[in-house]
Amino acid sequence: MSRGLFRYDVTLCETKIIPGNYGFIAQLNEGLHMKKRPTEFQVDRVLQPFDENNFNFTKIGHEEVLFRVSPIEYGHVLLIPHVLECLPQRIDHGSFLLALHMAKEAADPFFRVGYNSLGAFATINHLHFQAYYLMTPFPVEKAPTQGIIRRGEVDYLWSDDLKAVELSCARFCF
């Protein structure tokens, strides 16, 4: 902080577990909203081509290579697959697997890796994932899970309590 590498001090942000059945996590992070890099594209489409004229990760200063200047939590880093290929913020199979491998290599249940698309608070249209430590489980991590089986080209949920139920949308958790 004293060298001016961060836009605000994330350690001063108040984090609370909201009482109730789900244990939602709330954080008041005024610095993130007030001091983060501005969005340089219209948020009218989730998928947009990469624009080299807008800010992207090939333009970051050397001081930003090791530090996330607008952190959302302790240890916040970015994973930028194939940074020099200038890929738009659109998840693909290879980058998704890379993010999963990063999470596995961290070998810590509180290390989180996330992705946000354009229109879901991504402010930079350059393929990247967010990663940080959060010492509280997300509500989805406490939810009961069911196995998925594949028959041909169709995925099914399976539970001893239910018959096989065809998935109606592409959702998953792990």
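1. Accessible areas come from the Shrake-Rupley method with a 1.4 Å probe, and for residues only the protein chains shown count as cover.

2. A word on provenance: this is a predicted model, in which local features need pLDDT of at least 70 and side-chain atom pairs count only at pLDDT 80 or more, while totals for chains, interfaces and linings use all residues. Residues are numbered from 1 along each chain as its sequence is written, and side-chain values use heavy atoms, with hydrogens and water left out.

3. Now the overall layout. The protein chain has four helices and eight strands, which follow one another from the N terminus as β-β-α-α-β-α-β-β-α-β-β-β. Both kinds of element are DSSP runs numbered from the N terminus: helices are H or I with at least four residues, strands are E with at least two.

4. For the chain totals, 26% of the 174 residues count as buried. The cut-offs are under 20% relative accessible area for buried, over 50% for exposed, and partly exposed in between (1.4 Å probe, protein chains only). The chain exposes about 12400 Å², with carbon and sulfur atoms supplying 58% of it. Among contacts (heavy atoms within 4.5 Å) with a separation of 6 or more, 61% are between residues 24 or more positions apart.

5. Phe-24 sits in the loop between strand 1 (14–17) and strand 2 (25–28), and it counts as partly exposed because its relative accessibility is 46%. Gly-23 lies in the loop between strand 1 and strand 2, and is buried because its relative accessible area is 9%. Beyond neighbours within four places in sequence, Gly-23 is in contact with Ile-17, Ile-18, Pro-139 and Lys-142.

6. Two long-range pairs are worth a look here. Gly-23 and Phe-138 are 115 residues apart along the chain, yet their C-alpha atoms are separated by 7.5 Å. Tyr-22 and Val-140 are 118 residues apart in sequence, with a C-alpha to C-alpha distance of 8.6 Å. Val-140 belongs to helix 4 (residues 139–142) and counts as exposed because its relative accessibility is 52%.

7. Three strands form an open, antiparallel sheet in the order 3-5-4. Strand 3 and strand 4 are the edge strands, each pairing on one side only, and the twist averages 25° from one strand to the next. Pairing requires at least two DSSP bridges between two strands; strand 4 and strand 5 (residues 129–133) are joined by four. One partner pair is Val-113 with Ala-131 of strand 5.

8. Helix 3 lies across strand 3, strand 4 and strand 5, and runs at about 170° to strand 4. Axes are lines fitted to C-alpha atoms, for helices over the stretch in contact, and angles run from 0 to 180 degrees between N-to-C directions.

9. Finally, two backbone angles to check. His-82, in the loop between strand 3 (77–79) and helix 3 (93–106), has a positive phi near 50° although it is not glycine. Ala-107, in the loop between helix 3 and strand 4 (111–114), likewise has a positive phi near 50°. Ala-107 counts as exposed because its relative accessibility is 65%.
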